[in-house]
Amino acid sequence: MASNQIMFILFSAMIIVFSVLTVTTRRILRAAVYLLFVLVSTSGLYFMLNYQFLAGVQLTLYAGGIVVLIIFSVLLTSHISQKFEPYGWKKTAFSALAAIAGAILSIITILDYNFSATTEAAKEIDMREIGLSLLSVDKDGYVLPFEVISILLLAAMIASIVVAKKGGPKRSDLPTTNKE
């Protein structure tokens, strides 16, 4: 077995295991950390496929941006030990059915597609050209997607604060100070 196949199996197993742990854990901080492992493993697959730019975006945007924002938001709101309520068997069964149906649909779609091997050599990547293109407002510029990404990061931060603040102590439960 070639080293590429071993790495593919390793990354795939990590993605599957940590994805299941992300949705099954009852602690919010652990779920965020498991999601971080899933995103890092996914970027490893992109590196294996020689999609360095996509892997870099995966690491910086999702793993480095959104997940870190979620973790900081959870830590700043002092809900580290918060547990989600246990799921009922109906939710668990429905979730398992939805996951199995999604997997079957994905497998059918992949098997139905005719992949063809290319004989073209890989193109050389000019990092200077990519950098200029990312900051350009011209026709092939990517300033607008960067602004959309910044809005996405802001929305992720606000959403993670809302999730972390949910279920906090009620005002009547807060200790009162005696003024004498």
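Select helix 1 (3-24) and helix 4 (89-112), each of which supplies at least two residues to the lining of the second largest pocket. Helices here are DSSP runs (H or I, at least four residues), numbered from the N terminus. A pocket is found on a 1 Å grid over the protein atoms alone, as an open set of points where a 1.4 Å probe fits, with protein on both sides within 12 Å along at least five of seven lines; lining residues have an atom within 4 Å of a point.

The model is predicted: local features need pLDDT of at least 70, side-chain atom pairs count only at pLDDT 80 or more, and totals for chains, interfaces and linings use all residues. Residues are numbered from 1 along each chain as its sequence is written, and side-chain values use heavy atoms, with hydrogens and water left out.

Next, select Ser-12, Ile-15, Ile-16 and Ser-19, which are among the residues lining the second largest pocket. Helix 1 provides the largest share, seven residues. The volume of this pocket is about 370 Å³, where a volume is the space filled by probe spheres set on the points, joined across faces, edges and corners.

Now turn to the largest pocket, with about 450 Å³ of space. Of its 16 lining residues, select the closest to its centre: Phe-53, Val-57, Ile-130, Leu-134 and Phe-146.

Finally, select helix 3 (52-76), helix 5 (127-134) and helix 6 (143-165), each supplying at least two residues to the lining of the largest pocket. Helix 3 gives the most, with five residues.
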